[in-house]
Amino acid sequence: MGGYVVRRLLSVALVVFATSLLIFAIVHILPGNVAYAILGEYATPSAVATLQQRLGLDDPLWLQYWRWLHGVLRGDLGPSLVMDRPAGPLILEALGRSAILASIAFAIVAGGGIALGVHAATHQGRISDRVMTLAQFVFIAVPDFFWAILGVMAFAAGLDWLPATGYAPWGDGALAWASHLVLPVTVLSIGLLAHVSRLSRAAMLEALRSRYVLMARAKGMSERRVLWRHAAPNAMLPTITILAIDFGLLIGGVVVVETVFAYPGLGRLLVFAIEHRDLPLLQAGMLVLTTIYALANLAADIGYAVLNPRIRYGAAA
Amino acid sequence: MKLTRRTVLGSALALPSLRAAHAAAGVLRIGVGASLARLDPLLTTIGDEYIYNNLLFNGLTRMAEDLSVQPDLAESWAYSDDLRRWTFRLHRGVKFHDGREMTADDVVALFERLLDPANAAPSRSNYDMVGRVSAADPYTVVFELTSPYGGFADILSDRQVKIVPRGSAAQLASHPIGTGPFRFVSYTPGDRLVMARNPDYFEPGMPKLAGVELRIIPEMSVKIAALQAGDIDVLWDLPLEQVKPLSGRSGLRIDSVPTASWDAAVMNNLTPPFNDPKVRLAFQMAVDKADVVELTLFGQGVPTISPIPPTHPFYARDLAIPPADPAAARRLLAEAGHPNGLSVPIIVPVGRPVRERLGVTLQQLAKPGGFDLQVQRVPFSSYDAEVSGKAPLYIDGYFARPTIDTSTYPFLHSNGSWNAKLWHYSDARVDAALTSARLSGDASVQKMQYIAMQTALNANPAGFFAYAVNFACAYRTSVGGVRTHPMRWFDLRSATVA
């Protein structure tokens, strides 16, 4: 098991390095120029030239990349050119707030999705299953930002229950903190919750139809035990894969939800970096996101290996 | 009590609201669209930042909502007869937010920083005429100009020339200090900028608010919902299509004011087909500017001839803007050698919805006059590199400048800095009028010259100046003492919130 984890970690490092190259290449072929973006409508050719030189944008690309990589390896994520301050603390602060959103949403998606899926599978064809199926289709088909705007109109502008936008630090009181999270977390998790519950229902149904479940029932095992001891662990395998993929979707959803709800997280910061052509900030933010996503996949792989011995031994062969 | 669906739903609706108290008393929350990138006022470039500039800092002069120029940190000023030497007397005893006194040395330091090319200050080219700045005594600043300039006190009211403590440039990005009615508390990019009342503000009895917050909310529908819910008190820069629909809502006040910001179809005067003045004139004849305002701005603007808006005293009122005459336009096109009309692409900026609409409007309206325009969409961020000053026909526009000289000379004089990035226009009568206006401190002479400029421009158009656009804000009725400023910032010294 240890060897497996080490091998997977190495491949994560390789993936992160490769994506860093890719990110660097992509952001440098974006049209536009940070000097123009900083100077705005005042950009005169001489001002642009001065600024480009000062920001080191005149250097060859490989040198710019090397400087960047060198800094990253020493824990320096580089500056935000536009905001004129180090990118590291900016990203860390924003990441913390995004992590609150994402972790609560992910807990709801994972826990709720599996529970709802198991419930639907064991109540197949009953009214609760049918209602859920309908709801799942609606929430999968209709995009996040629609629910976001609907939620703001209904619960903030209409009923006045929840704040429309923003973020309240814990210091403002638990109620303020939580009330700012309700709408973004709901919108962020609802589509994925539908997705995960739909798939875990299918996986569970498949498991319940299998011979080993028939066998377990035949030898007189209680239905609960059949469900949680035999069917569920096997049904979890595909669900974990889906959760790892959905984690990526969740990160994408965070960008949308943070923009709509004006929530000051990493997604907003990246949008800011793109709009202002703040390439070092964009690179640093993307690198952090890629690393998180790669680690999430690693966690899924390890979880898979824990549940399924064939994986951890098969990998050794 | 029996638990039915109805009782559950009913009690849920009666649930005490989860939201915390709306706001601390006396704090005005303004919803803006973009994160502020720069906190050093000298380096700011967007409207969201200019709001902040005018709350935390003061300039030497100030521009009021009626565009008149008034004293700010300078209590009075005088100029020499040749308009080359300007002397400003500063208010005594004005304190920066850190308690230090503001003196002439701080003003000199700011202008030295502005004029040093190494600092790449965006507005430097507006102050090209400044030769030497010096402190005659702690409360007197003298500007010596390299050429006469009648509007010098006016351009000192502009967005970026705000006085900061000398030697503080490095800390402005993280902890800005000014003399303004509000002092800096905190800034979270993507969320909010918090300011509190400056108890030592130099104008007695001001400000009235306890604080101001700029809330950054990019999504317009959410921003409108936030205004209705009372999460924000003021919505800055309301899209013009929202002015009419929101006007009837209770609890809200919508204010739409004319500005000197303009949009135009920019024509390249160096390359065919628009190097021929007849083609440019034919385009002007083909399109009805009143229709353009209705279709592009939902009526929230006025047709104009040049960057001088019809609300300004220097506007050429006697020059009629006639309705479209497609037949005459076709005849003129035929004379210019295009008997079958012209087919040209028109580039519109993606990300600037009003200007995109202007492009599509012109495509429709110019068709009967013989212009077959193909709309091409290019991201606004690529404009500088690919479009500006190059493409034969494209849509662009500029925000209001503080003076008529800075709004016209750079754009229309053959040596103007912006002219070279737009149309490459050259007309001897326009050049002469712009130069004479600049060399006079007398408003009546300036007016005569600017009207001459507009007359010449109308006869030989640089491109198609479509309109002067309105600027709108929405306020909750609890907000008092604020007027919508045509320069798109706020003067909140007398503002109140109930």
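This is a predicted model: local features need pLDDT of at least 70, side-chain atom pairs count only at pLDDT 80 or more; totals for chains, interfaces and linings use all residues.
Local features were taken at pLDDT of at least 70 and side-chain atom pairs only at pLDDT 80 or more, whereas totals for chains, interfaces and linings use all residues. Residues are numbered from 1 along each chain as its sequence is written, and chains are lettered from A, ligands being numbered from 1, in the order in which they are written.

In chain B, 40 residues are in contact with 50 residues of chain A (C-beta atoms, placed from the backbone, within 7 Å). The side of chain B that touches chain A receives at least two residues from each of β10 (211-216), α5 (220-229) and α11 (383-386) of chain B, where helices (H or I, at least four residues) and strands (E, at least two) are DSSP runs numbered from the N terminus. The most, 6 residues, come from α5(B).

Within chain A, the axes of α5 (residues 87-122) and α8 (residues 174-208) come within 6 Å and cross at roughly 35 degrees, with axes fitted as lines to C-alpha atoms over the stretch in contact and angles running from 0 to 180 degrees between N-to-C directions.

An open sheet of chain B has 4 strands in the order β4-β5-β7-β6, with antiparallel pairing (at least two DSSP bridges between two strands). Its edge strands are β4 (74-79) and β6 (130-137), each pairing on one side only. Over 5 bridges, β4(B) pairs with β5 (residues 85-90) of chain B in the antiparallel sense, and B:Ala74 has B:Leu90 as its bridge partner in β5(B). Helix α3 (residues 104-115) of chain B lies across β5, β6 and β7 (140-145) of chain B, at about 165 degrees to β6(B).

Methods: Two residues are in contact if their C-beta atoms, placed from the backbone, lie within 7 Å.
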